[in-house]
Amino acid sequence: MKITTNEVREKYLKHFEKMWHVIIPSSRLVPENDPTTLFTGSGMQPMVPYLLGQKHPLGTRITDSQKCFRSQDIEEVGDNRHTTFFEMLGNWSLGDYFKEEQIAWMWDFLVNELKLDVNKIYFTCFKGAPEIGVPKDTDSAQWWQMHFKNIGIDVKIGENPEVDGMKEGEKIFYYNAKKNWWSRAGVPQNMPVGEPGGPDTEMFFDFDPELKNDFHNKSVFKQDKCHPNCDCGRFMEIGNNVFMEYVKTESGYEKLPAPNVDFGGGLERMAAALNDNSDVFKIDIFTNVIETIEKLSGKKYNPIVDDKEILGVDKMTQSFRVILDHLRAATFLIADDILPGNKDQNYFVRRLLRRAIRNGRNLGIQENFCKNIAESYIEVYKSHYKEVLENRNRILLAVEEEEVKFNKTLQNGEKEFFNIIKALAPSPSERAGVRPVLSGELAFMLYESYGFPVEIIEDLCKENNLTLDKNGFEEARAKHSQMSRVGSEQKFKGGLADSSEMVTKYHTATHLLHQALKIVLGEEANQKGSNITSERLRFDFSHNQKMTPEEIQKTENLVNEWIEKDLIVRREEMQKPEAESRNPIHLFGEKYGDVVSIYTIAENETGKVRGVDATSVEFCGGPHVSRTGEIGVGENGEKKKFKIIKEEAVSAGVRRIKAVVE
């Protein structure tokens, strides 16, 4: 009986725990300290500071399974191996062990723990870059060769597989820096001074050793030239051991005094290798979801190979895979508090859900189905990723609301799209077999008038043998969506229009509102944005449903109670680690330096208020009043009250409050 994907993960973590590694939990899918990227896209990303020399608090041997999301792969989903969401198994030596131990432990895991067919396992190594003084990585090649020999298999090393292909008996191959070198800058020549990097040795699984299957990309596949990196579809990389042992200096490349090991292995790909099927969507994690889609659509998931394109698939198979991938990714993103919306990370969640819904329609599914599939993924992952279970209600509500909303958009937009293309007169080029073009102006009309997303328009064009004029679309959008220069100039750090007295009062009131919402609605009511002028405050926060009149009144009463108590607003500057120990609220979208400002709002130095605890401890860099009582005093000394004038939805799972002091 084959082991499950969850069991592969457990075996891996236990295997390295036995080798004195500390198991750490996965980081969130949104990087906490990396403003250069929207998502955590690799297993090593959260570990970069430690690979660059920072001491890890848990020691020099670390292992984990890291959740990853690669937004750039959305368009690639549909073949047998691309997914936007995946798990990367990882282990790290931070100046501890090196090549010999890592290769031995990985061999033991693949051959003895997973019991993969050793005849189907191949390895690649770095062939060296003599022009810059970096030698061939013969150590790694010889260690792999030794492990084969220890089980009675004599293997040869291929020196030039991209030219010669694989010769009989070869299981280990040398490749250049484009294939077998790692640094953040890419190949050695691109590394800046001070950048570390090093050779890597990759592990591949052969899904068709006897060349019987018909899934090869015939445009690149040649039986006598096939090799692990030829991309014909026969081989799949399942892991990569990076040996970071060099640093770029002014005079060239020098050895690091304490080299590191960084291993990353695709969990789903390892499970596919165990399954001996190159289709990652055939692994057990997707089984129940496939059955659900089959029941809803009346169609079977039975991939048909199309040799005209690389690992090509028919439209029905592609729709299955898009649904399987996108709803899994959306489930995990929402669990990490990334809800469907119109900006940044939130838009990718919306895009995933919309593409899944459209592909459900392509399969003939008419009823709402996303909630059921998200529920299936929660069941699959709840034992290892507690956050999907803890945030179950948020996930299901967000998915359901987005599907209901988008189905209305789809119905109207698709109808208009087909009216448009029916009206397009056949051109000479179309009659000659050239794909007709949907103009940017017509595409923008669908976008502006019907709320039809451009990527859905592009998908529809592909499905109906049209080409979208994307440049024309962007030009049309630019003409219609120029931002007001005045509105732009009014923006101020932290969403403040300026630093006037009234804006300062509203800013402090926003902190009180945030704390009140957490008391009334729960700790999940986190700030998602704010905008403050001298006339009013606007505050966005995470919440999955409309606030009741009673909740609004209770929130308003708490803020007014704290204003009347004339609480102390105290500012302190301290090192970030000390500040973190106080469990402060992190304001949405802010990045904090080594020294931070903490604002505490409370009745006295103990931080307590009689009755309700109003303690608000937040990171903040904006202006504040010195006591909350100032908020309730007008220019002429008259008393004023905090009043919520509007509560409304911004996007799925995000609400907005507008309030004034009057």
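This is a predicted model: local features need pLDDT of at least 70, side-chain atom pairs count only at pLDDT 80 or more; totals for chains, interfaces and linings use all residues.

Is tryptophan 20 buried or exposed, and what is its relative accessible area?

Analyst: Tryptophan 20 is exposed, because its relative accessible area is 63% and the cut-off for exposed is over 50%. You'll find tryptophan 20 in the loop between helix H1 (5-18) and strand S1 (22-23). Its backbone is worth a look too: tryptophan 20 isn't a glycine, yet its phi is positive, at about 65°.

Now for the ring pairs. Searching the whole structure turns up 27 aromatic pairs. Take tryptophan 107 and phenylalanine 123: their ring centres are 6.2 Å apart with the planes at 35°, so this pair counts as tilted. Tryptophan 107 belongs to helix H3 (residues 99-113) and phenylalanine 123 to strand S4 (residues 121-126), so the pair ties together parts that are 16 residues apart in sequence. Both tryptophan 107 and phenylalanine 123 are buried.

Another pair is phenylalanine 539 with phenylalanine 541, and this one is stacked, at 6.2 Å centre to centre and 20° between the planes. Phenylalanine 539 is buried, with a relative accessible area of 0%. Phenylalanine 541 also has 0% relative accessibility, so it counts as buried.

There's a cluster as well: ring pairs link Tyr12, Phe16, Tyr97, Trp105, Phe109 and Phe263. Leucine 114 sits in the loop between H3 and S4, and at 4% relative accessibility it counts as buried.

The charged end of lysine 171 sits over the ring of tyrosine 122, 4.0 Å from its centre. Likewise, lysine 136 has its charged end over the ring of tyrosine 174, at 4.6 Å from the centre.

Helix H9 (residues 315-335) and helix H10 (residues 344-362) have axes that come within 8 Å and cross at roughly 150°. That angle makes H9 roughly antiparallel to H10. The crossing itself is left-handed. On the H9 side the contact includes Val322, Ile323, His326, Leu327 and Leu333, and on the H10 side residues such as Val349, Leu352, Leu353, Arg355 and Asn359.

The loop between H9 and H10 holds aspartate 337. Like tryptophan 20, aspartate 337 has a positive phi without being a glycine, here of about 70°. Aspartate 337 counts as buried, with 14% relative accessibility, whereas tryptophan 20 is exposed.

Finally, the wider setting. The protein has 21 helices and 21 strands, and 53% of its 662 residues are buried. Of its contacts with a separation of 6 or more, 70% are between residues 24 or more positions apart.

Conventions: Residues are numbered from 1 along each chain as its sequence is written. Side-chain values use heavy atoms; hydrogens and water are left out. Rings of Phe, Tyr and Trp (its six-membered ring) pair if their centres lie within 6.5 Å; planes under 30 degrees apart count as stacked, over 60 as edge-to-face and the rest as tilted. Helices (H or I, at least four residues) and strands (E, at least two) are DSSP runs, numbered from the N terminus. Buried means under 20% relative accessible area, exposed over 50%, partly exposed in between (1.4 Å probe, protein chains only). A charge sits over a ring if NZ of Lys or CZ of Arg is within 6 Å of the ring centre and within 35 degrees of the ring normal. Axes are lines fitted to C-alpha atoms, for helices over the stretch in contact, and angles run from 0 to 180 degrees between N-to-C directions. Angles under 35 degrees count as roughly parallel, over 145 as roughly antiparallel, 65 to 115 as roughly perpendicular and the rest as oblique. A crossing is left-handed if the near helix is turned anticlockwise from the far one by less than a right angle, and right-handed if clockwise. Contact means heavy atoms within 4.5 Å.
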